[in-house]
Amino acid sequence: MMLTSLLFERPWTLGFVLVAMQFILIGCWSWQRTRNAARCVWIGFGLIPILLILSRIVVTPGERMMIVCRELAQAVDDGDMAAIGSKLSPNFEAGGFDRAELLVRAERALTQTRVDDESLWGFDIRVDGSDSGVVEFTVSARVRTSDLDLGWIHTRWRVQLRKANDHWSVAQLEPLPIPPLNLREIRSLFR
């Protein structure tokens, strides 16, 4: 799983690793100066672009789930309720809210609060079979109300996704407490 993640989900890390390995191959070649060492150097130069292109072309289920999470965060940033709704599965559940209830409360909250410049990071992805998975990640965003700038708020989320008709959607959403906000349930966002 770690190798799959490196090869297909982290192109920058892969590029760094490949360049570092290429320098090691060049170092071995300069130390030994054999025909086999020279072949290894040339093979390394050939593999770098091939593996980087392959990394960009192949989209793993984990990457698809990350894309859904990023698109959902962007929809919250934009206040686009239709886009938020399109990312939620019909049987969505979060803290006792169903899909319709969450959309009503989110629309009310987003008219009073502005969420900008969201950044998702620290992804931990677990794919359960071919049609479900869980993603945990941290979100940093600037939060403002009409009369108060709350600054940068960090929250951590666990999102359960399901795949139906080749489309990933959010089935369950759960906040994970991290300081200083320590958000423990989604209901506290809509008070």
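This is a predicted model: local features need pLDDT of at least 70, side-chain atom pairs count only at pLDDT 80 or more; totals for chains, interfaces and linings use all residues.

Student: Take Trp42 and Phe45: is their pair stacked, edge-to-face or tilted?

Tutor: The ring centres of Trp42 and Phe45 are 5.8 Å apart, and the planes make an angle of 50°. Stacked needs under 30 degrees and edge-to-face needs over 60, with the rest in between. So the Trp42 and Phe45 pair goes down as tilted.

Student: Why are Trp42 and Phe45 separated by about one helical turn?

Tutor: Both residues belong to helix H3, which covers residues 35-57. Trp42 and Phe45 are separated by about one helical turn because their spacing in H3 is three residues.

Student: Which ring does the charged end of Arg33 sit over?

Tutor: A charge sits over a ring if, among other things, CZ of Arg is within 6 Å of the ring centre. For Arg33 the distance is 4.2 Å, and the ring belongs to Trp29.

Student: Over to the backbone: where does Asn165 lie, with its positive phi?

Tutor: Phi of Asn165 is near 55°, and the residue is not a glycine. Asp166 also has a positive phi, near 60°, and lies in the loop between S5 and S6. Asn165 is in the loop between S5 and strand S6 (167-176).

Student: Is Asn165 buried or exposed?

Tutor: Asp166 is exposed at 64% relative accessible area. Asn165 has 78% relative accessibility, and the cut-off is over 50%, so Asn165 counts as exposed.

Student: Now the largest pocket: which element gives the largest share of its lining?

Tutor: The largest pocket holds about 1100 Å³ of space. Its lining has 36 residues, with Val76, Val115, Trp157, Leu189 and Phe190 closest to the centre. Elements giving two or more residues include helix H4 (61-78), helix H6 (99-112) and strand S3 (113-128). The largest share, seven residues, comes from H6.

Student: How many residues of that lining are nonpolar?

Tutor: Six residues of the lining are polar and four are charged. The nonpolar residues number 26.

Methods:
Residues are numbered from 1 along each chain as its sequence is written. Side-chain values use heavy atoms; hydrogens and water are left out. On a 1 Å grid over the protein atoms alone, a cavity is a set of points where a 1.4 Å probe fits but cannot get out, and a pocket is an open set with protein on both sides within 12 Å along at least five of seven lines; lining residues have an atom within 4 Å of a point. Grid points are joined across faces, edges and corners, and a volume is the space filled by probe spheres set on the points. Helices (H or I, at least four residues) and strands (E, at least two) are DSSP runs, numbered from the N terminus. Ala, Val, Leu, Ile, Met, Phe, Trp, Tyr, Cys and Pro count as nonpolar, Asp, Glu, Lys and Arg as charged, and the others, Gly among them, as polar. Buried means under 20% relative accessible area, exposed over 50%, partly exposed in between (1.4 Å probe, protein chains only). Rings of Phe, Tyr and Trp (its six-membered ring) pair if their centres lie within 6.5 Å; planes under 30 degrees apart count as stacked, over 60 as edge-to-face and the rest as tilted. A charge sits over a ring if NZ of Lys or CZ of Arg is within 6 Å of the ring centre and within 35 degrees of the ring normal.
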